[in-house]
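The sequence and structure are shown first.

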Amino acid sequence: MGYGKNLSRRVKDVEISVPIVYGTIAFWLGRKVTESQSHRWTIYVRGGTNEDLSVVVKRVVFQLHPSFNNPIRVVDSPPFELSECGWGEFEIAISLYFHSDAGDRKLDVFHHLKLYPLEQNGPQSTKKPVVMETYDEVVFPDPSEQFLARVQNHPAVVVPRLPAGLELPSSERRGSMKDHPLGHWFMNFSEADELLKLAAARQQVVAII
């Protein structure tokens with residue numbers, strides 16, 4: 001029991017960073033569909049390089065336009081996404097809820113659903129979707145030892161070099177979603193790649209030392 005209490009202690013001067021991407025992919029369904037169902041779109045929250053975020057995120061709530069049935073949609077497991085059909089563009093509110101050992105935090109972001117190409121005069125294509133994504137980083141300062149121990153080896157999480165003498169239980173590596181069916185349309189955010197490569201390099205240095 002004493003060890004469990006220790007795991008709730010905060011690790012000072014350490015920041016855990018989690019690169020995230022939220023966005024939409026919208027496909028025009030062609031001229032044969034009704035005007036009110038002209039596009040099929042998917043809104044999602046993913047890791048910076050498409051990792052599974054469930055190690056940190058326990059729930060995502062999407063708030064759609066009031067014209068949709070059940071406009072508040074709750075997703076409790078990965079992939080954190082939903083798909084719908086429609087014709088109009090609107091702003092979607094996204095709330096990310098984090099696991100209790102991450103501090104029971106909530107993050108609210110907003111994303112504008114884009115259905116039509118930026119080039120208004122260009123022809124729409126049923127094969128090439130309209131993709132709009134935003135890159136961000138969620139930072140957890142002074143994490144608990146329990147949270148740090150659980151996520152330290154996860155590919156979605158950037159963990160800095162830890163204080164000398166800090167011993168944590170080992171954690172499993174899991175959580176790739178690189179084979180997502182829409183993955184080849186996802187944008188590449190070089191900053192997320194660099195962050196994750198730096199984290200991997202730090203882990204190797206620590207292991208050598």
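In this predicted model, the largest nonpolar core has 38 residues, of which W41, F62 and I94 touch the most other members. Such a core is a set of buried Ala, Val, Leu, Ile, Met, Phe, Trp, Tyr and Cys residues joined through side-chain atoms within 4.5 Å; buried means under 20% relative accessible area, exposed over 50% and partly exposed in between, with a 1.4 Å probe and protein chains only. Two or more core residues come from each of strands 1 (15-28), 2 (39-47), 3 (57-63), 5 (80-86), 6 (91-98) and 8 (130-141), and from helix 2 (145-151). Strand 1 gives the largest share, five residues. In soluble globular proteins, nonpolar side chains tend to be buried together.

Residues are numbered from 1 along each chain as its sequence is written. Local features need pLDDT of at least 70 and side-chain atom pairs count only at pLDDT 80 or more, while totals for chains, interfaces and linings use all residues; side-chain values use heavy atoms, with hydrogens and water left out.

The protein has three helices and eight strands, arranged from the N terminus as α-β-β-β-β-β-β-β-β-α-α. Helices (H or I, at least four residues) and strands (E, at least two) are DSSP runs, numbered from the N terminus. Overall values are as follows.

| Property of the protein | Value |
|---|---|
| Buried residues | 44% of 209 residues |
| Contacts joining residues at least 24 apart, among those at least 6 apart in sequence | 69% |

Contact means heavy atoms within 4.5 Å, and areas come from the Shrake-Rupley method with a 1.4 Å probe.

L113 lies in the loop between strand 7 (106-112) and strand 8 and is buried, with a relative accessible area of 0%. Beyond its neighbours within four places in sequence, L113 is in contact with T24, W41, G88, E89, F90 and I92. The C-alpha atoms of L113 and F90 are 5.5 Å apart, although 23 residues separate the two along the chain.

Four strands form an open antiparallel sheet in the order 5-2-1-8. Strands 5 and 8 stand at the edges with a single partner strand each, so one side of each is left without a neighbour in the sheet. Direction ignored, neighbouring strands of this sheet are turned by 15 degrees against each other on average, with axes fitted to C-alpha atoms and angles running from 0 to 180 degrees between N-to-C directions. Strands pair if DSSP finds at least two bridges between them; seven bridges join strand 2 to strand 5, and I43 has L82 in strand 5 as its bridge partner.
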